[in-house]
Amino acid sequence: MMDRSVAPIQQEIEKIEFAKAQTTIFSSGIQCHSILQDDCKVVKMEIEFQAGSKFQDKALIAAMVNNLILEGCEKYSAYEIASFFDNEGAFLDTSCSADKASVVLHCLERSIPKLLPYLQEVLSTANFPQNEIDTYLKINAQKFEVNREKVGWVARNEFMEELLGEDHPYSWKVSASNYKEVGRDDLISFYNKRYKSATFQVYLSGKVTAEVLQTLENVFNQKGIQRNDVSDAMTENENNVSDVKLIEKKGAIQSAIRLGAVTINRSHADFPALFVANTILGGYFGSRLMSNIREDKGYTYGIGSGVIHLEGLSHFIVSTEVGAEVTAATLKEIEFEMNQLRNVLVSQEELKLVKNYILGNIMKGFDGSFSAMARFQMLNHQGLGYDYYQNLIQEIKTMKVEKIQAVARNHMNYSTLKKIVVGKL
Amino acid sequence: MVEFKEHQLKNGLRLIFNEDKTTPIVAFNLLYDVGSKDEDENKTGFAHLFEHLMFGGSINIPSFDGPLQTVGGENNAFTSTDMTNYYITLPKNNIETAFWLESDRMLSLAFSEKSLEVQRQVVIEEFAQRYLNQPYGDVYLLLRPLAYKKHPYRWATIGKEIKHIETATMEDVKAFFKRHYYPGNAILSISGNLTFEAVKELTEKWFGDIPSRKKELRKLPVEPLQKEERTLEVERDVPLNALYYAYHMPSKNDADYYAVDLLSDVLSRGDSSRFYERLLKKTDLFAEIDAFVTGDTETGLFIIAAKLSAGVRYEQAEAAIDEQLLEIIEKGVGDEELQKVKNKAESTFEFGKTSALNKAMGLAICALVKEPELFNYEFTLYDKVSAEDIQRVAKHVLRRENRSKLIYKAKKG
């Protein structure tokens, strides 16, 4: 009989094999990054513009241009465009963050020669018909009314302004009146500057054959302006003690809590230690916040912490939704767990677990070309190469508990976190 | 084509293995043939609560997550009306840890009181976060019991009410485990860069000595044929009036299932679909409108869900939807329109085969519904559907007397 209480022998994770992206620069200056996965029939292509919300001078503009770019061009109506891609079984989506805006195509590889020239036409001659703008505003103003009933959504909407002040380019929040202030001219001017005359990058994964790349190069051969947008590098917030900002919601069964502070970026020498410290605190299912606040107290369905990296601005956050009556108790426990990291050395056992968890998780990030491309895209955004992972892995393998404590003391201070509660306190 | 091999242990456990030489991780998916449809109507939400308890320690191993994370692994699980599915991804050289952990909790749980108390509270918070504290969160808690009168699909997986979770006892937990968690009621599906021989050997080693049990024949109450339209009206503190139609439709083992699924795609999949183009964009009646199937193994629901623009009366909205339904019943769909939704289905299937985890999970679910081969040929079942089929099922499913209607009104000021 085998002894089931004894774990199988653990194999160390020695090295992680990456599926690496190949970068081709076309004569037009367009950068194309690709990872081939030969055993599938599909392609994902993301065309990424320097057109995130930080570049807008009015709320909603970046997101609207991004969304409406597929809703009509000189030759085709919104319906014709949607039908063309739907007919091929393709999925054409848009996404817009604070830094970037993308158009994302998922399709069968065989559809590429047909779809790309059409897509190029749509993107380069978008004309933002007034009726599409009206429809967008109508639908989204009503969605906004639904969203502002959600405590978690409200906390996210308010948070960046609380963190950075209302004038910061990352501080855009949406309010009901914004839907009345957008004009077609605003959209066209943003489109002309950020899409039409600008260069872009392309990320391709899946069945990216040589023919696919050739088609792409043939189709997207117009020259664009390289925009070097310099974002101000941010320093950490002044260490002022920050009180909780409460946004009351009557009848809320749960409160949303969102806390955070500006922190160091991925290139900083202390980052690997912060990464480990954050993972211990709230970065995985077995984290201290989850163990304490979910698994021990049952206050929440989920709680987590993380470091979010925008261009030139990284910030640390803790977020959760908890039973309204235990909101204050949850804040106390978050404070307690952050202080524990600063005051008490992590045990060797916990460190070992977290190290291996992180290494396994990095490996999982390379399951299939689509995930592997998401990793590359992150590196590219941060101006990092694959040596970032080699270095991170090395640092994590040799991480010492004293280093984690030092980093927690420098970068994880509950009292100076900006704090938002939506619901009840 | 996703290649796989199969093996069945003497105790009844089914093993499915897909060799994937390209991935650095292994996906280990263990599916149990138990869902909320197997619950007692006075103890609903139990399959899902039980899923939480599966992480509270097993007979020989006090913690499930810790040892897994220590070897670089990660896991999660979900419960639906038809199944409870547990999945792990981990570096391939530590694959044996997954076998060790999963086989021990199939053998027996620790049944700790503390775990029951905490997970009970966590599930209550999940209930609050996802169903009560969200605008429109309770729609399916209302719609299911309206559409089903006898079949256990009449309650949602989270349960009918919080009280059932609050009153669950350790005896209930033990009885549920005994009844549903054993080798013959499970399907183990693995995808990764391993050999079939190695996987078979590990499966025999860790699961081989778990006692077998006779698989209970499932006897679910049959839902009587609905003979007249049902309507429920509620008022909630939400910004917009909403409207939901639910129609009974064929089960996943009926060829017509695929025709009905494509019918919902014709109506609302993609920005060129009928609802999107004709109702959402061309009229001012709706803020949102969708049609979809619940995808249940047994006879599920075809649902139309709409949020009405401010100021629009229910009669106007309903007339507009009914006009679209009538058109498809009377005139059917064009060949090009049908080809379009088939093409969408095809690319969706192809994207579903691009990671080890998708493959392991997909093979297991297909094995449960019918057979693992279904994972490779399911698209052909869509491809076979003709325009006549769509019109025929539209006529049959979209009958008024087959419909349950939920009027979900926004409370005034």
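How do the axes of helix α1 (residues 61-68) of chain A and α4(A) cross, and within what distance do they come? They come within 11 Å and cross at roughly 120 degrees, where axes are lines fitted to C-alpha atoms, for helices over the stretch in contact, and angles run from 0 to 180 degrees between N-to-C directions. This is a predicted model, in which local features need pLDDT of at least 70, side-chain atom pairs count only at pLDDT 80 or more, and totals for chains, interfaces and linings use all residues. Residues are numbered from 1 along each chain as its sequence is written, while chains are lettered from A and ligands numbered from 1 in the order in which they are written.

**Helix pairs in chain A**

- The angle makes α1(A) oblique to α4(A), because angles under 35 degrees count as roughly parallel, over 145 as roughly antiparallel, 65 to 115 as roughly perpendicular and the rest as oblique.
- In this pair, A:Met64, A:Asn67 and A:Leu68 of α1(A) meet A:Glu132, A:Ile133 and A:Tyr136 of α4(A), and by class the contact has four nonpolar, one polar and one charged residues.
- Here Ala, Val, Leu, Ile, Met, Phe, Trp, Tyr, Cys and Pro count as nonpolar, Asp, Glu, Lys and Arg as charged, and the others, Gly among them, as polar.
- Helices such as these (H or I, at least four residues) and strands (E, at least two) are DSSP runs, numbered from the N terminus.
- The axes of helix α8 (residues 271-283) and helix α14 (residues 401-411), both of chain A, come within 9 Å and cross at roughly 85 degrees, and α8(A) and α14(A) are therefore roughly perpendicular to each other.
- On the side of α8(A) this contact is made by A:Ala273, A:Leu274, A:Val276 and A:Ala277, and on the side of α14(A) by A:Lys403, A:Ile404, A:Val407, A:Ala408 and A:His411.
- The residues of the contact of α8(A) with α14(A) divide into seven nonpolar, one polar and one charged.

- Leaving aside its neighbours within four places in sequence, A:Ala277 is in contact (C-beta atoms, placed from the backbone, within 7 Å) with A:Leu341, A:Ile404, A:Val407, A:Ala408 and A:Met412.

**Where the two chains touch**

- The contact takes 66 residues from chain A and 60 residues from chain B, and the largest share of the side of chain A that touches chain B, nine residues, comes from α11(A).
- That side of chain A divides into 26 nonpolar, 22 polar and 18 charged residues.

**Residues in loops**

- A:Phe128, in the loop between α3 (112-124) and α4 of chain A, has a positive phi of about 45 degrees although it is not a glycine.
- A:Phe128 is buried, with 21 other C-beta atoms within 10 Å, since a residue is buried if 20 or more other C-beta atoms lie within 10 Å of its own, exposed if 12 or fewer, and partly exposed in between.
- B:Tyr136, in the loop between α4 (113-132) and α5 (139-147) of chain B, has a positive phi of about 65 degrees although it is not a glycine, and B:Tyr136 is partly exposed, with 18 other C-beta atoms within 10 Å.

Note on methods: Contact = placed C-beta atoms within 7 Å.
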